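Please keep the sequence and the model at hand while reading.

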Amino acid sequence: MPSIYDAIKQDHEEHRALLRTIGDTEGASDKRKKAWDTFYHEVKSHAAAEEETFYSKLISQTWGQDAARHSVHEHQELDDLMEELNGMDMSSPGWIQKFRTLEHDYLHHIDEEEDEVFARAREEISENEVEGYGDRFLERKAEERELVEEKKKDSLED
């Protein structure tokens, strides 16, 4: 059973690797398309699960309200960037420029989360209070992934 911190950090490591793959590929190559599709779906489900488990716990603490709101706001900004990228031609110069913005913003977000938010949460929230949150995060992420897939399928049918 992973801790909530380990479960989130493991996702972040996978996201960093996907960002590198996307950035190291060119145009609308199959490798870039596959990495982007994986990144998009993983980050969408990760963010929703994180908000419903980890950030819901933080927001219940007075000290954690600002951190939680800040992170949720960043999730929305990143989501907006990902949606813009989905609507663009992956082989255009504008796509890679927008992607570099997303990459920079996302790396900043996860570094801040791991370095600052996790450290404060560990100081303020006992392990007993968050026991089982890692499993709940992973379960919620799987549910969110299904919802993201359904939404994608529905949009393709329209």
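Predicted model: local features only at pLDDT ≥ 70, side-chain atom pairs only at ≥ 80, totals over all residues.

**Overall dimensions and surface**

- The C-alpha trace spans about 50 × 30 × 25 Å along its principal axes.
- Of the 158 residues in the chain, 42% are buried.
- The chain exposes about 8700 Å², and carbon and sulfur atoms supply 47% of that area.
- Among contacts with a separation of 6 or more, 79% are between residues 24 or more positions apart.

**Helix α4**

- Helix α4 covers residues 93-124, which is 32 residues.
- From its first C-alpha to its last, α4 reaches 45 Å, close to the 46 Å expected at 1.5 Å a residue.
- A bend of about 35° occurs in α4 at Glu113.

**Aromatic pairs**

- A pair of aromatic rings is described by two quantities, the distance of the centres and the angle of the planes.
- With ring centres required to lie within 6.5 Å, the count comes to nine aromatic pairs.
- In one of them, Phe54 and Tyr55 have ring centres 5.2 Å apart and planes at 65°; planes over 60 degrees apart count as edge-to-face, so this pair is edge-to-face.
- Phe54 and Tyr55 are both buried.
- Phe54 also pairs with Phe118, again edge-to-face, with 5.5 Å centre to centre and 80° between the planes.
- Phe54 lies in helix α2 (residues 30-59) and Phe118 in helix α4, so this pair ties together parts that are 64 residues apart in sequence.
- Phe54 has 2% relative accessibility, and because buried means under 20%, Phe54 counts as buried.
- Phe118 likewise has 2% relative accessibility and therefore counts as buried.

**Aromatic cluster**

- Which residues do ring pairs link into a cluster?
- The cluster consists of Trp36, Phe39, Tyr40, Trp95, Phe99 and Tyr106.

Technical notes. Residues numbered from 1 in each chain as written. Heavy atoms only, no water. Helix = DSSP H or I, 4+ residues; strand = E, 2+ residues; numbered from the N terminus. Expected span 1.5 Å × (residues − 1). Bend = angle between axes of the 7 residues up to and from the residue. Buried < 20%, exposed > 50% of the residue type's maximum accessible area, 1.4 Å probe, protein only. Contact = heavy atoms within 4.5 Å. Areas by Shrake-Rupley, 256 points an atom, 1.4 Å probe, with all protein chains shown as cover. Phe/Tyr/Trp six-rings, centres within 6.5 Å; stacked < 30°, edge-to-face > 60°.
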